[in-house]
Amino acid sequence: MYSFLISIVALVLGYLFYGRFLASVVRQDAKNPTPALTKTDGVDYIPMPTWKVFMIQFLNIAGTGPIFGAIMGAKFGPACYLWVVLGCIFAGAVHDYISGMVILRGGGCSYNDMIGKIFGKKTRVFVTFLITALLLLVGAVFVYSPSIILGDIAALSEDSMTSMMFWVVIIFVYYLIASILPIDKLIGKIYPIFAFCILFMALGLFVCLLIHWPTIPEFWDGLANRGPSIGVTGQSIFPCLFITVACGAISGFHATQSPMMARCLTNEKHARPIFYGSMIAEGVVALIWAAVSSYFFFDGGMAEVQASSAQAPAVVVSVSKYWLGAVGSILAIIGVVAAPITTGDTAFRSARIMIADYVNFDQKPAKNRILISIPLFAIAILLLWYNMADEEGFNTIWRYFGWLNQTLAAFTLWAMTQWLYTRSRKMYYLITLLPALFMTAVCGSFILFDSIGLGLPQAWLPYVVGILLSLSIFVFCLANRKQKRENEL
């Protein structure tokens, strides 16, 4: 428990000190006008209260990511805590805050437009396809698990597949409605409620941890993989842990969500609590679930809560029900059903906004929003249908999502490195360069190491390739850096 508490304190200190340092680096200024005020359109550009923007941003980037990822990551042992802390403070929150600031100052531009301004039009085209694929994977991943759970809870047929498909249809109908309505009509009203539920559940579990004070692995017990018998056999800490725990430490998906909230902020001084702060809050939630799961896996928690499965959704339901009672049962359902659904709908909304900006298609008319949304949903449904036919479909699509998600995070960090380098003569670019190098090595190694990639037999080769890939991209960026620095910071 001491390692867990130290980690919580470290996250808070990271927000107070490192977050403030980053705000000084980008020269956050309350006098700068925001796109919510200069481009108000009643659909996507809508001024909203800061507290509501925070809650929406938190739920957008969180969902079940810091819950499921932390539960699976806890199987590795206390190395999971260390990654969440260092990842959040020096990579994830940096990634979210600086990219959010660039998007905010770009008039609430889409992610691919931001990349295009930094790396050029050709890169913008590539990134548009990359992000669209990621967002569709997110939509498919986060309709799969809630439809299974709803099918079990409210079975409309003896055939489990029929019940599941009914809820898939219902969720996709909701997705369509949420992605085309003005952001303040549906998302602005229900997201703060669900975000509060996720935070309240995390707080309740934190109190339960203090009361139970379980004996869970500590940093000083060693950082090696501690769970070969519970699902992580053959998976090394590097790179597998850093892909498994994505949203709780760093996630490329977050930067695709930033344009939505950048278009609702009324004051630039609120950017640090919205972008950096929401990532720290997500890290706190991830740490709590990692500690709970460590007790579940390593200290008899599974027997106490009478759980029959070590799968992430089952852990959430079992722990919440037995530790938090009736309220916990309700929160658990929200956590494993509503949270992923509310992540999926904003994924499709982001995809619609990005494509509309790319083709310069006015989104004020509702019919224009529908024209872009329907093809996106059709592709996601086909993707989901293909993977539902395989018992390992969800695990496979989750791994692809995790790898693509972290690859996008690495790409964003490289873009932010270029942005910082061309705007200051100081070495501020190291803020994003170091995590960019690390995440590139992680992603390059994982795709060669994991079964979704080449599965190279030589254990050392993926690591060497990953490191060489990081260094190659670094050299490429140096060779193609802008000749003239723009001292705008």
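Buried here means under 20% relative accessible area, exposed means over 50%, and partly exposed covers what falls in between (1.4 Å probe, protein chains only). The model is a predicted one, in which local features need pLDDT of at least 70 and side-chain atom pairs count only at pLDDT 80 or more, while totals for chains, interfaces and linings use all residues. Residues are numbered from 1 along each chain as its sequence is written, and side-chain values use heavy atoms, with hydrogens and water left out.

On confidence, pLDDT (the predictor's confidence in each residue, from 0 to 100) has a mean of 82 over the chain, and 84% of the residues reach 70 or more. Residues 483-489 are another matter: pLDDT stays under 50 there, and the model has 20 contacts for them beyond four places in sequence. Contact means heavy atoms within 4.5 Å. Where pLDDT is low, the predicted coordinates should not be read in detail.

As for the fold, the chain has 18 helices and 0 strands, taken as DSSP runs (H or I, at least four residues, for helices; E, at least two, for strands) and numbered from the N terminus. Among contacts between residues at least 6 apart in sequence, 83% join residues at least 24 apart.

Helix α6 (residues 111-119) has 7 of its 9 residues buried, so it is largely enclosed by the rest of the structure. The buried residues are Y111, N112, D113, M114, I115, G116 and I118.

Now for the helix pairs. Two packed helices are described by the angle between their axes and the distance between the axes. Axes are lines fitted to C-alpha atoms, for helices over the stretch in contact, and angles run from 0 to 180 degrees between N-to-C directions. Helix α9 (residues 187-212) packs on helix α12 (residues 271-298) at about 45 degrees, with the axes 10 Å apart. The two are therefore oblique to each other; angles under 35 degrees count as roughly parallel, over 145 as roughly antiparallel, 65 to 115 as roughly perpendicular and the rest as oblique. On the α9 side the contact is made by L199, M201, A202, L205, F206 and L209, and on the α12 side by V285, I288, W289, A291 and V292. These divide into 11 nonpolar, no polar and no charged, with Ala, Val, Leu, Ile, Met, Phe, Trp, Tyr, Cys and Pro counted as nonpolar, Asp, Glu, Lys and Arg as charged, and the others, Gly among them, as polar.

Helix α5 (residues 79-105) and helix α10 (residues 237-244) pack at about 60 degrees, with their axes 11 Å apart. That makes α5 oblique to α10. Here A79, C80 and W83 of α5 meet I237, L241 and F242 of α10, a set that divides into 6 nonpolar, no polar and no charged.

M261, found in helix α11 (residues 253-262), is buried at 0% relative accessibility. Beyond its neighbours within four places in sequence, M261 is in contact with V53, I56, Q57, N60 and I183.

R27, in the loop between α1 (2-25) and α2 (35-38), has a positive phi of about 55 degrees although it is not a glycine, and R27 is exposed at 55% relative accessibility. N360, in the loop between α14 (312-359) and α15 (366-388), also has a positive phi of about 55 degrees without being a glycine; N360 is exposed, at 71%.
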